[in-house]
Amino acid sequence: TPAPGIVKPLPPEVFTVRGTNAETNFASLRGTGLLTPIDHFFVRNHTATPRIDAADWRLTVWGSGLTGGPVEFGYDELRALPSVSRTLFVECAGNGRSYYTTQQGQQVTGTAWTLGAVGVARWRGVRLADVLRRAGIGRHAVDVLPRGLDDEVVSNGVNLGHVRRPLPVAKALDDVLLAYEMNGEPLPPDHGHPVRVIAPGWVGISSVKWVGDIEVSDEPLYSPWNTDMYRLFGAAYPPGGSAPLTRQTLKSAFELASGATLPAHRRTVLTGRSWSGGAAVQRVDVSTDTGRTWRRARLHDVPRRGSWVRWSTPWVPHERGPAVLLARATDVTGRVQPPTAVHNTQGYLFDAVVRHPVTVV
Ligand code: MTE
Ligand code: MO
């Protein structure tokens, strides 16, 4: 199934196409390494992947938050700056959204992701802070607004302009990257070629792809992506919604197809991954009896905030028929994935334990 506007191949055993987006099937990650291979990495496009030649690309940094006028950077200039490499996930704020409906019976709007709108890559690039300092960021700057070069987004007949979302200056100067490499390769077209933002631990919309300009402002900046979208609205939240979303929440997924069949009386190794943008994952517990009993899974990676840990646990099922598997992560602050997630109308930040159905035969 071709997805409109995605450049890379989307084999159905690896991706589920959802509108202009492609979700990674977690089962296809079994046996792969810590990093999501580029040909398995989910794609979330508001419109379509643009083809941008690095040789023609310029980054313009401008705005009232600079001490001087606009400053331009070319691709080679950026690559000549000191570089850093970091292993981080990009995850859509709506990852897991479909479970508000299928597990909790609640209505939500937006792409009906299961858990595959997340991937971990090794990103190489420059610190956004270095670029902002070279551009002459002033002491009164409050917001930093990267904007994408992809097409303007039209939603319900309204032109929302180019994808853009302000970062508070504290985050922009802390750990945000302007990345030009992914897993050791030049950034592929679908993931932001030639340069994208990577905002560690934060909702995916903060990691603007195909960045073309960055406005630095000494007044707060707004875009639909921090006013109408990517905030929490609903009964549990104030009438104007929550503050704009920042960090991703705690989640776990099995590397197994939903509804997979497993042989009775044979040892199966259940594998999966857990992650959070808040604090590092400390432990993962797995239940094979719908939560009556839990066992601690073995972790295969050193837990790090903003990345994931792979885990495994053996299971010898004896009872034939349907079963429900659960995986529940705990972070280093003691936060545990809850049995239900607090509803919000746009279905963001689903953090509850997901019921994973299998059949023992
Ligand atoms: N940046 C631009 N310019 N256009 C987009 O549509 N989508 C955002 C973000 N950056 C988007 C963007 C969203 S919602 C997510 S979840 C991530 O990119 C997805 O990154 P990926 O496609 O590399 O997985
Ligand atoms: Mo997203």
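**Reading strands, surroundings and backbone in a predicted model**

Biologist: Which residue in β19 stands opposite Val-286?

Modeller: In β19, Arg-295 stands opposite Val-286. This is a predicted model: local features need pLDDT of at least 70, side-chain atom pairs count only at pLDDT 80 or more, and totals for chains, interfaces and linings use all residues. Residues are numbered from 1 along each chain as its sequence is written, while chains are lettered from A and ligands numbered from 1 in the order in which they are written.

Biologist: How many bridges pair β18 with β19, and in which sense?

Modeller: Strands (E, at least two residues) and helices (H or I, at least four) are DSSP runs, numbered from the N terminus. Two strands pair if DSSP finds at least two bridges between them. Here β18, residues 281-287, is antiparallel to β19, with two bridges between them.

Biologist: In what order do the strands of that open sheet stand?

Modeller: The order of the five strands is β16-β23-β22-β18-β19, and the pairing is mixed. Since β16 (260-262) and β19 (295-296) each have a single partner strand, they stand at the edges, and one side of each is left without a neighbour in the sheet.

Biologist: Which strands make up the open sheet of four?

Modeller: That sheet runs β15-β17-β21-β20, with antiparallel pairing. At its edges are β15 (251-254) and β20 (298-299), each pairing on one side only. The strand β20 is joined to β21 (residues 308-315) by two bridges, in the antiparallel sense.

Biologist: Which residues of β3 are on the covered face, and which on the uncovered one?

Modeller: In a regular strand, side chains alternate between the two faces of the sheet. In β3 (residues 58-62), Leu-59 and Val-61 make up the covered face, whereas Arg-58, Thr-60 and Trp-62 make up the uncovered one. β3 has an antiparallel partner in β4 (residues 71-74), joined by four bridges, and a parallel partner in β14 (residues 211-217), joined by three. Leu-59 has Phe-73 of β4 as its bridge partner, and Trp-62 stands opposite Glu-215 of β14.

Biologist: Which residues touch the most other members of the largest nonpolar core?

Modeller: A nonpolar core is a set of buried Ala, Val, Leu, Ile, Met, Phe, Trp, Tyr and Cys residues joined through C-beta atoms within 7 Å. Buried means that 20 or more other C-beta atoms lie within 10 Å of a residue's own; exposed means 12 or fewer, partly exposed is in between, and C-beta atoms are placed from the backbone. The largest core has 89 residues, and Leu-132, Leu-178 and Ala-179 touch the most other members. Not counting residues up to four places away in sequence, Leu-132 touches Val-61, Ile-137, Val-144, Ala-172, Leu-173 and Val-216; contact means C-beta atoms, placed from the backbone, within 7 Å.

Biologist: What does Val-153 touch?

Modeller: Val-153 is in strand β8, residues 153-155. Leaving out residues up to four places away in sequence, Val-153 touches His-46, Thr-47, Leu-160 and Val-163. Val-153 counts as partly exposed because 17 C-beta neighbours lie inside 10 Å.

Biologist: Which residues are closest to ligand 1?

Modeller: A residue is near a molecule if its C-beta atom, placed from the backbone, lies within 6 Å of it. Ligand 1 is surrounded by 18 residues, and the closest are His-46, Cys-92, Gly-148, Gly-204 and Lys-209. The shell holds nine nonpolar, six polar and three charged residues. Ala, Val, Leu, Ile, Met, Phe, Trp, Tyr, Cys and Pro count as nonpolar, Asp, Glu, Lys and Arg as charged, and the others, Gly among them, as polar.

Biologist: Where is the cis peptide bond?

Modeller: Most peptide bonds are trans, and most residues other than glycine have a negative phi. Here a cis bond joins His-193 and Pro-194, with omega about 5°. Pro-194 is in the loop between β12 (185-186) and β13 (196-198).

Biologist: Is Tyr-230 buried or exposed?

Modeller: Tyr-230 counts as buried because it has 25 C-beta neighbours inside 10 Å. Its phi is positive, near 60°, and Tyr-230 lies in the loop between α5 (224-227) and β15. His-265 also has a positive phi, near 65°, in the loop between β16 and β17 (268-275). His-265 is exposed, with 9 other C-beta atoms within 10 Å.

How values were computed
Two residues are in contact if their C-beta atoms, placed from the backbone, lie within 7 Å.
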